[in-house]
Amino acid sequence: MKEMHFHPKALKDVRGQVGAPMPGKVVEVRVKEGQQVEKGQPLCVLSAMKMETVVNSPLSGTVAKIYVTPDASLEGDDLILEITE
């Protein structure tokens, strides 16, 4: 029996929540919790249908919580991480 994992969805009206731009698999997480990030900095890499997409930070701040690990399968808008300003 396959395990089902449910990821919370990123809320559009919450500025620091970063969601998956498309369904795919997490290839790499490039930041750690507590790390300072700049707007536009790469946060993680997703792969879908042999194409990789880099998810960049929408704002400068501190990574508060990371919700994904490498190899996790995501749907569109699944919450990847939260950034606090």
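Reader: What makes the contact between Asp78 and Lys9 a salt bridge?

Author: In this predicted model, the side chains of Asp78 and Lys9 meet with N to O at 2.7 Å. The cut-off for a Lys or Arg side-chain nitrogen and an Asp or Glu carboxyl oxygen is within 4 Å, so the pair at 2.7 Å is called a salt bridge. Asp78 lies in the loop between β7 and β8 (79-84) and Lys9 in the segment before β1, so the pair ties together parts that are 69 residues apart in sequence.

Reader: Why is Asp78 called buried, and what is Lys9 called?

Author: Buried means under 20% relative accessible area. Asp78 has 4%, so the term applies. Lys9 has 43% relative accessibility and counts as partly exposed, because that class runs between the buried limit of 20% and the exposed limit of 50%.

Reader: What makes Lys12 and Asp77 a salt bridge?

Author: The closest N and O atoms of Lys12 and Asp77 are 3.0 Å apart, and the limit is 4 Å. Lys12 lies in the segment before β1 and Asp77 in the loop between β7 and β8, so this pair ties together parts that are 65 residues apart in sequence. Lys12 counts as exposed at 72% relative accessibility, while Asp77 counts as partly exposed at 34%.

Reader: How many salt bridges does the structure hold, and which residue pairs with Glu28 in one?

Author: The structure holds 4 salt bridges. Among them is the one in which the side chains of Glu28 and Arg30 meet, at 3.4 Å, N to O. Glu28 is partly exposed at 37%, and Arg30 is partly exposed at 39%.

Reader: Why are β5 and β7 called edge strands?

Author: The open sheet of 4 strands has the order β5-β4-β2-β7, with antiparallel pairing. β5 (51-56) and β7 each have a single partner strand, so one side of each is left without a neighbour in the sheet.

Reader: Why is Gln17 called buried, and what does Gln17 touch?

Author: Gln17, in strand β1 (residues 17-19), has a relative accessible area of 16%, so it falls under the 20% limit. A polar atom of the Gln17 side chain lies 2.8 Å from the backbone nitrogen of Leu11. Leaving out residues up to four places away in sequence, Gln17 touches Lys9, Ala10, Leu11, Leu79, Leu81 and Glu82.

Reader: What makes Val68 buried?

Author: The relative accessible area of Val68 is 6%, and under 20% counts as buried. Val68 lies in the loop between β6 (61-66) and β7. Its contacts, not counting residues up to four places away in sequence, include His7, Val26 and Leu79.

Reader: What is the predictor's confidence in the chain?

Author: The mean pLDDT of the chain is 92, and 94% of its residues reach 70 or more. Strand β3 (residues 36-37) has the highest confidence, at 98, and strand β7 (residues 73-74) the lowest, at a mean of 92.

Note on methods:
Residues are numbered from 1 along each chain as its sequence is written. This is a predicted model: local features need pLDDT of at least 70, side-chain atom pairs count only at pLDDT 80 or more; totals for chains, interfaces and linings use all residues. Side-chain values use heavy atoms; hydrogens and water are left out. pLDDT is the predictor's confidence in each residue, from 0 to 100. Helices (H or I, at least four residues) and strands (E, at least two) are DSSP runs, numbered from the N terminus. Two strands pair if DSSP finds at least two bridges between them. Buried means under 20% relative accessible area, exposed over 50%, partly exposed in between (1.4 Å probe, protein chains only). A polar contact is a pair of N or O atoms within 3.5 Å; within protein, one must be able to donate a hydrogen and the other to accept it, and residues adjacent in sequence count only if both atoms are side-chain atoms. Contact means heavy atoms within 4.5 Å.
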